[in-house]
Amino acid sequence: MSGRAQLMWDDAVTGYDFGDTHPMDPVRLALTMGLVRAFGLDTAVDLRSARPLGDSSLRLVHRQDYVAAVRAASANPRAADQNYGLGTVDDPAFTGMHEASALIAGLSVGAAEAVWRGETEHAVNFTGGLHHAMPGSAAGFCVYNDPALAIARLLELGAERVAYVDVDVHHGDGVQAAFWEDPRVLTISLHEHPRTLFPQTGWPEETGAGDGEGSAVNVALPAGTGDAGWLRAFHAVVPELLADFRPQVLVTQHGADTHFEDPLAHLAVSLDAQRAVMESCHRLAHEHADGRWVALGGGGYAVVDVVPRSWTHLVGIAAHAPVDPESVVPPSWRDLVYARTRQLGPGRMTDGRTPSWQAWEDGYDPADRLDQAVLASRKAAFPLRGLLT
């Protein structure tokens, strides 16, 4: 197995572009790759591309009629069929939509294949993490569900236990739906409470069905949750579940939209706490999945101040070349930011926070809203897995 992580990248991913007024600006991808290069991390990884997924691979998750509808909308955006979630405010149709979406999916599947085949322990595709797309429809800025496709490919290759941990501010509904009845896949999502945020799913009571009962775990966090609560919830749920499940591969989704500057959500998490969770996922992959780790991006709409720094930390951690949070952002990258956006980029790789949290094992406060959320998740899912609440 290679000692170097793989970073999946192709310049064509910036073609995933819903238009000038859409919050999911592809400049966030270009700026992230620019910051990765500014820190020299592109030389600490094996930089790889991949082929766009073909229809047979897309059908591991998506219906053929939906793939055909995406192709049709890609060729003629004005003819997009809104019955498939295409041509909507959230998911406007654009020329080349199928090709760009299939490429992002191909990068995530390529990352999963490389990890499973032992080419590398860690593979990162920060352009992926598009977790809302359903088998037969686009949703929430997502056309093809690359995390679900990567997991489905792992199962096709023979994996028997895959864990998916999603820390995007939005519920990972599409991935949960894809494996709702599949006990081979454990999905864990920590997200803002569905009462206050799209997609209004991810309640603690959503635990899977049939043979997959107990294989979906949801932690619905109160709006306003900050670093201490977010980290407390993560560590109160994720490590114990992974230790019990013993995944052969850990797939994680690192949407940066939990950040306090994100304009589309209501959590108050810092870059430093996001980095702490990335480090924890890295450690948990080594502890419970023989080091096999596929790390994806996701949401994130503070496209200059937050997303590039967050995912550059992710690349550095996966490469075993972590960026010191106190590092000054290279001036060359700040010049790139100004040239592309006419904004001033951030000056350091930190928000100046020192993340800490109280361990769940030290006791909980039944009157605290965060602790109520954690306890609700543990009570709903843990007994189904034979674990104590």
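Tutor: E240 is partly exposed, with a relative accessibility of 31% (buried is under 20% relative accessible area, exposed is over 50%, and partly exposed lies in between, using a 1.4 Å probe and protein chains only). Its side chain meets that of R378 in a salt bridge, N to O at 3.3 Å; the term covers a side-chain nitrogen of Lys or Arg within 4 Å of a carboxyl oxygen of Asp or Glu. The pair ties distant parts of the chain together, 138 residues apart: E240 sits in helix α7 (residues 227-245) and R378 in helix α11 (residues 369-381). Helices here are DSSP runs of H or I with at least four residues, strands are runs of E with at least two, and numbering starts at the N terminus. R378 itself counts as buried, at 5% relative accessibility.

Please keep in mind that this is a predicted model, in which local features need pLDDT of at least 70, side-chain atom pairs count only at pLDDT 80 or more, and totals for chains, interfaces and linings use all residues. Residues are numbered from 1 along each chain as its sequence is written, and side-chain values use heavy atoms, with hydrogens and water left out.

Across the whole structure, the search finds 15 salt bridges. One of them joins E326 and R348 at 2.3 Å, N to O. Here again distant parts are linked, 22 residues apart: E326 is in the loop between α9 (307-318) and α10 (331-341), while R348 is in the loop between α10 and α11. E326 is partly exposed at 46%, and R348 is partly exposed at 37%. Elsewhere, shared partners join E113, R117, R153 and E156 into one network of salt bridges.

R292 also has a partner, D290, with the closest N and O atoms 3.7 Å apart. D290 is exposed at 58% relative accessible area, whereas R292 is partly exposed at 21%.

Next comes strand β8 (residues 293-296), where W293 and A295 point one way, V294 and L296 point the other way, and all are buried. β8 runs parallel to strand β3 (residues 122-125), joined to it by four bridges; strands count as paired if DSSP finds at least two bridges between them. A123 stands opposite V294 there. Strand β7 (residues 249-253) is likewise parallel to β8, with four bridges, and T252 has A295 as its bridge partner.

From first C-alpha to last, α9 reaches 17 Å, close to the 16 Å expected for its twelve residues at 1.5 Å a residue (the expected span is 1.5 Å times one less than the number of residues). Just after the helix, H320 adopts a positive phi of about 55°.
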